[in-house]
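Student: I would like to go through this model with you and ask, for each description, what criterion stands behind it.

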Amino acid sequence: MTELYDAPVAARDDNAPVIDAQDIRIWYGSERGPVKAVDGVSFSLRKGEILGLVGESGCGKSTIGRGLLGLLPPGAEMDGALRFKGEDLLALPKKEMFAKRGAELGMIFQEPLTRLNPLMRISEHFEETLRTHEKSIGKEEIQRRALEVLRLMGIPPTRYRSYPHEFSGGMRQRLMIALALVLRPAFVVADEPTTALDVLVEAQIIRILHSLRSEFETSLLLITHNLGIIAEACDRVAVMYAGEIVEIGDAREVFSDPQHPYTRELLRSTISLSTTGLNFIPGAPPDLVNPPTGCHFHPRCPDAMNICATRHPVQHAMPNGTRVQCWAADLAHGRAPDLTEDDTAPLVREEISVADEA
Ligand SMILES: Nc1ncnc2c1ncn2[C@@H]1O[C@H](COP(=O)(O)OP(=O)(O)OP(=O)(O)O)[C@@H](O)[C@H]1O
Ligand code: NI
């Protein structure tokens with residue numbers, strides 16, 4: 001019975017996923033031992049699909065985004081299975097991964113890594129970018145494609161022959177995005193585009209994301225703290241906590257009927273704080289060198305049971321189609337038939353709360 005619910009989404013789908021990540025683990029070396037920044041994450045993305053990735057600071061969002069594109073810093077290690085259009089990216093030699101990254105895999109960074117050359121006109125930047133990957137492309141075609149992405153980013157065509165210094169900071173950032181998109185990558189990771197694009201209003205970003213999908217059929221992993229943008233722009237959403245995806249599914253379902261207590265806390269904290277951040281859930285995320293036993297969230301969870309402190313929950317499909325890694329959700333939906341009465345008794349915590357001490 002469980003097999004039916006747990007069949008991977010891709011297996012039920014006619015069109016194969018563009019990106020298929022299975023059991024991805026990424027860790028950084030540190031003096032205290034490996035920092036398990038991503039600990040067994042799986043998801044897939046179909047053509048034109050937008051998956052939002054949310055979670056508190058330090059939960060591993062940027063690490064997964066960089067890992068998918070082969071852009072981890074030295075000292076980071078990664079394993080698992082990562083397929084791009086069916087091809088195993090982790091098995092590719094570094095050089096081929098690099099070529100693929102430029103043409104088919106794109107990243108929109110918090111801080112752009114590439115710099116604009118002050119001596120080159122905008123038009124020349126587009127020529128250089130396009131010719132690196134499409135050697136025989138003509139000047140007219142370059143201009144046509146450049147103007148198309150410039151329009152998408154709200155930059156007037158009259159600026160095509162300008163120099164970078166003639167642009168404002170915000171415009172330069174949009175230009176960087178236009179340069180990334182002109183190659184029409186099949187898969188793009190956008191890491192906090194809102195902070196980089198603070199000059200753009202939310203509605204404008206959402207419009208850009210939608211045209212990305214409709215004009216280029218780009219699949220997008222969108223990392224942001226802004227749940228408003230996720231709700232407006234994403235098909236699906238994945239909620240990350242301490243290196244794991246604790247809930248993933250249709251964005252409307254996750255927002256209207258969250259199953260994981262962490263998702264509920266996240267939504268609640270965001271509603272009360274609006275746009276100022278997500279760090280107001282009581283307690284702090286765990287140390288990723290020594291994460292808590294059982295469920296990583298149990299020390300902060302309002303619904304924690306005894307089992308949560310000892311046994312790690314497994315991701316299960318819920319009746320609304322979302323996938324959730326939580327004993328309480330399992331119990332509520334008959335996904336954990338073998339739990340005893342002691343397992344499901346509310347967890348008695350040892351810590352004394354601040355209020356008690358005072
Ligand atoms: N180069 C590195 N070396 C060692 N540890 C790192 C490195 N980069 C990130 N980490 C650690 O890995 C964990 C995940 O970091 P990551 O940047 O992926 O989180 P994030 O969810 O993107 O956070 P934010 O929302 O603040 O951007 C954190 O504990 C962080 O301290
Ligand atoms: Ni990040």
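Tutor: Let us begin with strands, which are DSSP runs of E of at least two residues, while helices are runs of H or I of at least four, both numbered from the N terminus. Two strands pair if DSSP finds at least two bridges between them. Gln22 stands opposite Ala81 in β4. The model is predicted, so local features need pLDDT of at least 70 and side-chain atom pairs pLDDT 80 or more, whereas totals for chains, interfaces and linings use all residues. Residues are numbered from 1 along each chain as its sequence is written, and chains are lettered from A and ligands numbered from 1 in the order in which they are written.

Student: How do you know that β4 and β5 pair?

Tutor: β4 and β5 share two bridges in the antiparallel sense, and the criterion asks for at least two. In β5, Glu87 is the bridge partner of Phe84. The hairpin of β4 and β5 has two residues between the strands, and Lys85 there takes a positive phi near 50°.

Student: What makes β2 and β5 edge strands?

Tutor: Four strands form an open sheet in the order β2-β1-β4-β5, with antiparallel pairing, and β2 and β5 (87–88) each pair on one side only. β1 (residues 19–28) pairs with β2 over eight bridges, and Phe43 in β2 is the bridge partner of Ala21. With β4, β1 likewise has an antiparallel pairing, over eight bridges.

Student: What lies across β1, β2 and β4?

Tutor: Helix α2 lies across these strands, and runs at about 120° to β1. Such angles run from 0 to 180 degrees between N-to-C directions, with axes fitted to C-alpha atoms, for helices over the stretch in contact.

Student: Why is α4 called roughly perpendicular to α5?

Tutor: Two packed helices are described by the angle between their axes and the distance between the axes. For α4 (residues 122–133) and α5 (residues 139–152) the angle is about 110°, and the axes are 10 Å apart. That makes α4 roughly perpendicular to α5, a term for 65 to 115 degrees, where under 35 is roughly parallel, over 145 roughly antiparallel and the rest oblique. Ser123, Phe126, Glu127 and Leu130 in α4 meet Ile142, Arg145 and Ala146 in α5, contact being defined by C-beta atoms, placed from the backbone, within 7 Å. By class, the residues of this contact are four nonpolar, one polar and two charged, where Ala, Val, Leu, Ile, Met, Phe, Trp, Tyr, Cys and Pro count as nonpolar, Asp, Glu, Lys and Arg as charged, and the others, Gly among them, as polar.

Student: Why is Ser30 called exposed?

Tutor: Ser30 has 11 other C-beta atoms within 10 Å and is therefore exposed, since a residue with 12 or fewer is exposed, one with 20 or more is buried, and one in between is partly exposed, with C-beta atoms placed from the backbone. Ser30 lies in the loop between β1 and β2 and touches Val35 and Val289, leaving aside residues up to four places away in sequence.

Student: Which residues are the closest to ligand 1?

Tutor: They are Tyr28, Ser57, Lys61, Ser62 and Thr63, out of 14 residues that surround ligand 1. α2 (61–68) and β2 (35–45) each supply at least two residues of this shell, and α2 gives the most, with three.

Notes. Two residues are in contact if their C-beta atoms, placed from the backbone, lie within 7 Å. A residue is near a molecule or strand if its C-beta atom, placed from the backbone, lies within 6 Å of it.
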